[in-house]
Amino acid sequence: MEKALGKSSLLSLEECLRLILDGEAGAGELGLRTLIQANPQDLNAWGHLAYLLFSQKRYREAAECYRTCHRISPALIDAVLYEVDCMEKLGNRHQAFQLLRGIQPIPSGYEIPVRDRLSRIEPWGHYLASRLRKRSKLISQRLREWGFIRGLLREIGLLPFSFRAIRDSGMRGFLRYLSRGFLEESVYRYPVPPCDLCGSSFFRGVFFIDSRKIIRCCRCGLERVERVPPGGQDIASGFYEREEVIADMVADWQDPIIIRHRMGWLEILFDVAGLRLQSEKSRIFEFGCGSGEFLAHLREQGFEVAGMDGSARLVERAQQVFHLPVDKCCLADLPKPKEACDVALAFHILEHLDSPSLLFKHARKILKQDGCLFIEIPVPDLCRLPVELKTHGSHGYGSSEHVHFLTLPLLERYFLSHGFQVIARYEYLAGDLPAGGMLGRLCPE
Ligand SMILES: [Zn+2]
């Protein structure tokens, strides 16, 4: 250190950075300050000094350096953004917000970093006022609808039961729900059905995300999106009819790893239960069979297969590519097959349904007397997880197509309440969150 201090006046920028990388941050900092003293317009030296101070949590000093960088080069928007980060770290959200508002117009390529920061620091009073101004016409239009007023009054009346949801998703999350859900998408049109598992009508709010409010049944703990279009979110939006969605999903479904994974768990669960999954004369039915990749694999193994899916395009693909006997229909319209099945499957279907119990009822109808039902779903207990996992895009509340959020114990309750004996179960980590499944056998009536 002494050696470095002694020759600090001679150090180049590269030598200063080398010292910092070698763990001699003090000597590196001194070197950078000497460079700045020699040339106060040295943008690189200011930038590196700012970054060093930020990494040492010296946010006030770092903010001053970033401010100087911006003064030297007014086009350097990154310097303003990092100064905003410093102010946020210092708890000075007001100043951080003022700095962000000063970035006008927002240069191309900076929309997302500015919006991300804005969503964290914009005071909710300001958020509310600006949205009210922007949507004043829509609000006056909605205020003429009785359904909107009734829905809004209900939402206000339920505030004591939404405390946890507002705490976890923030006041801004709640206001965004009112704005997107009520003003734009008119979710108040859809009824709030009783709990699909236990029939209770007592819920409390657990999260607000975009236009959706997630509620939890006070009796059994099942979580669901409070209001969804009849038939479920993805059917109403035509999600699985969209070309880019289908291309993406088919790539997943035809992946041999996915097929092996599904086949593997199916065989293991039958083994654990002491049953044999025999291909000769065994008939398997798949709920939500998609474009038929797994059914085609089962047929290759010698099983007789059949299936259904709600998406016309996926069913068309299953029929054209694999010549599978699958029907395009909703669960509610599923016809009783001519021949009863030995096994019914549903991979990641239950969470999409506005009434999961319908699947169990239909499984009972299509299965033989001692037939088996195999179900896999995401099973994280979202209520207990931190916010960044709650909002997870594929297995959390962030998935716009999921209506119900289950755990393994809740899935077991579904099996039991529909006359199935649970004979084996499994759980594994799918990325950040757990998924799992269960094999149930129909009990004799
Ligand atoms: Zn319930």
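The axes of helix H3 (residues 25-38) and helix H4 (residues 43-55) come within 9 Å and cross at roughly 150°. This is a predicted model, in which local features need pLDDT of at least 70, side-chain atom pairs count only at pLDDT 80 or more, and totals for chains, interfaces and linings use all residues. Residues are numbered from 1 along each chain as its sequence is written. Helices (H or I, at least four residues) and strands (E, at least two) are DSSP runs, numbered from the N terminus.

- Two packed helices are described by the angle between their axes and the distance between the axes.
- Axes are lines fitted to C-alpha atoms, for helices over the stretch in contact, and angles run from 0 to 180 degrees between N-to-C directions.
- H3 and H4 are therefore roughly antiparallel to each other. Angles under 35 degrees count as roughly parallel, over 145 as roughly antiparallel, 65 to 115 as roughly perpendicular and the rest as oblique.
- The crossing of H3 past H4 is left-handed. That word applies if the near helix is turned anticlockwise from the far one by less than a right angle; clockwise gives right-handed.
- From H3, Ala-25, Gly-28, Glu-29, Leu-32, Arg-33, Leu-35 and Ile-36 meet Ala-45, Trp-46, His-48, Leu-49 and Leu-52 of H4. Two residues are in contact if their C-beta atoms, placed from the backbone, lie within 7 Å.
- By class, this contact of H3 with H4 has eight nonpolar, two polar and two charged residues. Ala, Val, Leu, Ile, Met, Phe, Trp, Tyr, Cys and Pro count as nonpolar, Asp, Glu, Lys and Arg as charged, and the others, Gly among them, as polar.

**Helix pair H6 and H7**

- Helix H6 (residues 77-89) and helix H7 (93-101) have axes that come within 8 Å. They cross at roughly 165°.
- H6 and H7 are therefore roughly antiparallel to each other. H6 passes H7 in a left-handed crossing.
- H6 gives Val-80, Glu-83, Val-84, Met-87 and Glu-88 to the contact, and H7 gives Arg-93, Gln-95, Ala-96, Leu-99 and Leu-100.
- Six nonpolar, one polar and three charged residues make up the contact of H6 with H7.

**The sheet**

- Four strands form an open sheet in the order S1-S2-S3-S9, with antiparallel pairing. Two strands pair if DSSP finds at least two bridges between them.
- S1 and strand S9 (404-405) stand at the edges with a single partner strand each, so one side of each is left without a neighbour in the sheet.
- S1 and S2 pair in the antiparallel sense over six bridges. Phe-207 has Ile-214 in S2 as its bridge partner.
- Helix H12 (residues 163-184) packs on the sheet and touches S1 and S2. The direction of H12 makes about 70° with that of S1.

**Domains**

- The protein chain is divided into domain 1 (2-122), domain 2 (129-227) and domain 3 (238-442). These bounds come from an automatic or database domain assignment.
- The centres of domain 2 and domain 3, taken over C-alpha atoms, are separated by 30 Å. Their contact takes 14 residues from domain 2 and 17 residues from domain 3.
- On the side of domain 2 that touches domain 3, the elements giving two or more residues are strand S1 (203-209), strand S2 (212-217) and strand S3 (223-225).

**Backbone details**

- Most residues other than glycine have a negative phi, and most peptide bonds are trans.
- Gln-104 and Pro-105 are joined by a cis peptide bond, with omega about -10°. Pro-105 lies in the loop between H7 and helix H8 (111-121).
- Ser-186 has a positive phi, near 50°. Ser-186 lies in the loop between H12 and S1.
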